[in-house]
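Here's a quick tour for anyone meeting this structure for the first time. Have a look at it, then read on for a few strands and charged pairs to pick out.

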Amino acid sequence: MSLTKASYSMIKGSPINVVDFATGTGTIDDPYIGWDTAIVWSAYTSYYFPVGVFEYSNELSVAYAGIVLRGSGTGTVLKFTGSGVCVRFDRGATTSVEDIVMENFLIRGNTNATHGIYLSNCQHITFRNITVVDVTVFGFDINFSVLGLIENYSCTINNGLATFMPSIGLRIDAAGTYASTYSTEQLVINPIIEGVGGVGIQFARCIFSKILNGTSEANAVGIQFTADAGINVVDGTDCEANSVNDFVIGGTNNILRNVISGSILSTPVYISGTRTIVDGGHAYAVENVGTGTDFINFELTGGAFTDTGANTQIRNLYDNAIDAYVPKKSNDSNLFYNGSMESWSAGTSVAPDGWTLSGAGAAVARDAVTVKHGTYSAKLTRSGTDLVLTQSLFTSDIGLPYLKGRQLVFGAWVLASVANTARLSISTVANASQSIYHPGNSTWQFLSTTINIPTAATACIPYIEVNNNNTGVYVDAVAINYGGVALPYDTRPVEPGNAVGGVGSAGVGNKYVSMIVNGITYKVLHDN
């Protein structure tokens, strides 16, 4: 009696072992051949490819619903020696293909191979642990697909498996017959795209899709959303060492969240889309020409921020060269208008908004170099007679009755190069209070004085004084508050206002709350 050993594929319900239909030993010199033509491919059937080299010359077209192709990792090599597409899932415009699974393969093409994987009109697709090398145009090309999972896809020059790389690592689009539609709900997890000639990952006519983690680096462009891409998200993805851009974001309502742009380029992040959100992460530099771009807690790492878009909103844009501007305690009770000396609507040599300059020969100028807080300070120059910069807070018929019996504290940052020249004072007509004089050591000093408002007060007028010497004095971050302890000057929390200039050419309607760029803090014009 003799026994015949059943092949793996003869066991009912087991995946079909492709080796049972092939000749060869599966080695590089003697690969498995014939399997692609000997097998009868069927829907709702699983096919198993063990470790080995599976060589074939005609496009592997396996567009069958429910088909499962499962290898054993990069040791399972689909070696395509023909022209065109290595693996194709496409039954034409009239028939969609559903529930495709392909995982654990290395797909290797040749100089005549244009695509590693191409699929069209497919739904519920799952591709895991796929590596594509040695194709010329697309590593992975998805055309009009709905509900897809692409996990741990790799198209890289850095693992030693590739001889050459395609122009685009992964594209999701809807083209040709499907040009009026979109690919939707595609989830790309942990891609590794490195060393392609053009774009690492491109979303074209693609909506409601997401890239989660992974990297796209050492390409020309890391990640690109074209003008047709909408409502997509890149979350936690690292792009660096790209030669042109890390991120190029067009389209509408797309989101970059916690992304890393590590390339040292003039424009590693370029935004041209509508209502793009950039939330967290960092880049060397950013150029925004889009409409309604919203930056939230984003950091620059040394380059420039250029904004010529429209209706930009910035909620904290940091520069890592200095401490990030994060208010520790907001001085919400500051009674001064324009205490920051940021607003100069009447001109740069006229008293800043809300303030009045007095004194024969007195001069005032907006200064952007010697600054304690924000973008500008006020430089006061005495010539011949003493000068004061003042702001009337209360008079007898506006608010003074409420102030009587209270204590006020008046503080400001002052820089002077001559001693006994610059000080602060408050007058109520009934009494007055002065700070000490600045020591004249050419450093910023915080001066302050307090006063109790008596019942006989007829006004409350704070003065910034320059006395005794013809010299220039700088003043910034001025505050007056109830109480006896000077509060640290800070910008009170406000809704976005008009943009302060100095950030390229600010576009129409841009709104900046606070940002630090190259050591300069930019914020709203009216911050008190």
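Two strands count as paired here if DSSP finds at least two bridges between them. With that in mind, β35 (residues 407-416) and β38 pair in the antiparallel sense, over nine bridges. Keep in mind that this is a predicted model.

**The open sheet**

- Five strands make up an open sheet, and their order is β31-β32-β40-β35-β38.
- The pairing in this sheet is antiparallel.
- The edges belong to β31 (363-367) and β38 (444-452); each has a single partner strand, so one side of each is left without a neighbour in the sheet.
- From one strand to the next, the twist averages 30 degrees.

- Strand β30 (residues 356-358) runs antiparallel to β33, joined to it by three bridges.
- Within that pairing, Ser 358 stands opposite Val 388.
- Strand β39 (residues 459-466) also runs antiparallel to β33, with four bridges joining them.
- Here Thr 390 is the one to spot, standing opposite Tyr 463 in β39.

**Salt bridges**

- How many salt bridges does the count come to? The count comes to 14.
- Arg 108 and Asp 134 form another salt bridge, at 3.1 Å from N to O.
- Arg 108 sits in β8 (residues 97-108) and Asp 134 in the loop between β9 (113-133) and β10 (138-151), so parts 26 residues apart in sequence are tied together.
- Asp 134 is buried, with a relative accessible area of 4%.

**A charged network**

- Arg 128 forms a salt bridge with Glu 151, and their closest N and O atoms are 3.2 Å apart.
- Since Arg 128 lies in β9 and Glu 151 in β10, the pair ties together parts that are 23 residues apart in sequence.
- Salt bridges that share partners join Arg 70, Glu 103, Arg 128 and Glu 151 into one network.

Key:
Residues numbered from 1 in each chain as written. Predicted model: local features only at pLDDT ≥ 70, side-chain atom pairs only at ≥ 80, totals over all residues. Heavy atoms only, no water. Helix = DSSP H or I, 4+ residues; strand = E, 2+ residues; numbered from the N terminus. Axes fitted to C-alpha atoms, helices over the stretch in contact; angles between N-to-C directions. Salt bridge = Lys/Arg side-chain N within 4 Å of Asp/Glu carboxyl O. Buried < 20%, exposed > 50% of the residue type's maximum accessible area, 1.4 Å probe, protein only.
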